[in-house]
Amino acid sequence: MKLRTATASTWVEPVLADFDAFLIDHAACERKASATGMGFVVRYPDRPVLVDEMIGFAREELEHFHQVYRIIRERGLQLAADTKDQYVGALRREAAGKGEARLLDHLLIAAVVEARGCERFRLVAEALAERDDPLAAFYLEITRSEGRHQGLFVRLAQHFFHRDRVTERLDYWLTLEASVVSTLPSRAALH
């Protein structure tokens, strides 16, 4: 999936300037992603393909949360209270509210969020590699995972909906996402 707008290369500067804050935000993102996977399981228990894939997704995201949490603890930090993610919230506010349209929208929102995460974690991995920071390898693996996840959500959408409908709706979400991401300030956070 090709995002409609690239993250500015300067985005990584506040991340590196306050990497501890970024780690805490990253942990929150992984925990929320795991909850999103389980949310699909709860809402759509009658769709075995979706349930099976989302259990695996939720487990992987929970493992990432645990990995980031260990890094946080090693640095003498602690998790922060939950905050609303403006980026994800802005996308979800535009999603259909019920029925099949809701499922399609939520699958594609998840795909787009994972795609943006893939792009930004790659920027973090590259910046850390330039500093010979051992966390570069971890962030490269997270980048790969986000890439797999974006494909997973698109494949699930195509499993349940006609390819043309998925393509049309994905185009909508990519356009909206570009608009939303352009309004966000650069800070030590994924979104």
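A pocket, as I use the word, is an open set of grid points with protein on both sides within 12 Å along at least five of seven lines. I am working on a predicted model.

**Largest pocket**

I looked up the volume first. The largest pocket holds about 520 Å³ of space. I then listed its lining, which comes to 26 residues. Closest to the centre I find Lys 32, Thr 36, Asp 85, Val 88 and Arg 92. H2, H3, H4 and H5 each give two or more residues to this lining. H5 gives the most, with 6 residues. I sorted the lining by class and got 10 nonpolar, 6 polar and 10 charged residues.

**Second largest pocket**

I read a volume of about 230 Å³ here. The lining has 17 residues. Those closest to the centre are Ile 24, Asp 25, Ala 28, Lys 32 and Thr 83. Lys 32 is also listed among the closest to the centre of the largest pocket.

**Nonpolar cores**

The largest nonpolar core has 38 residues, and Met 54 and Tyr 87 touch the most other members. Helices H2 (19-43), H3 (48-74), H4 (86-92), H5 (99-130), H6 (135-160) and H7 (163-182) each give two or more residues to this core. H5 gives the most, with 10 residues.

I checked Tyr 87 next, leaving aside neighbours within four places in sequence. Tyr 87 is in contact with Val 112, Val 113, Arg 116, Glu 177, Val 180, Val 181, Leu 184 and His 191.

I also logged a second, separate core of 27 residues, including Phe 22, Val 68, Phe 121 and Ala 188.

Notes. Residues numbered from 1 in each chain as written. Predicted model: local features only at pLDDT ≥ 70, side-chain atom pairs only at ≥ 80, totals over all residues. Heavy atoms only, no water. Core = buried A, V, L, I, M, F, W, Y, C linked by side-chain atoms within 4.5 Å. Buried < 20%, exposed > 50% of the residue type's maximum accessible area, 1.4 Å probe, protein only. Helix = DSSP H or I, 4+ residues; strand = E, 2+ residues; numbered from the N terminus. Contact = heavy atoms within 4.5 Å. 1 Å grid on protein atoms, 1.4 Å probe; cavity = no way out; pocket = protein on both sides within 12 Å on 5 of 7 lines; lining within 4 Å. Points joined across faces, edges and corners; volume = space filled by probe spheres on them. Nonpolar A, V, L, I, M, F, W, Y, C, P; charged D, E, K, R; others polar.
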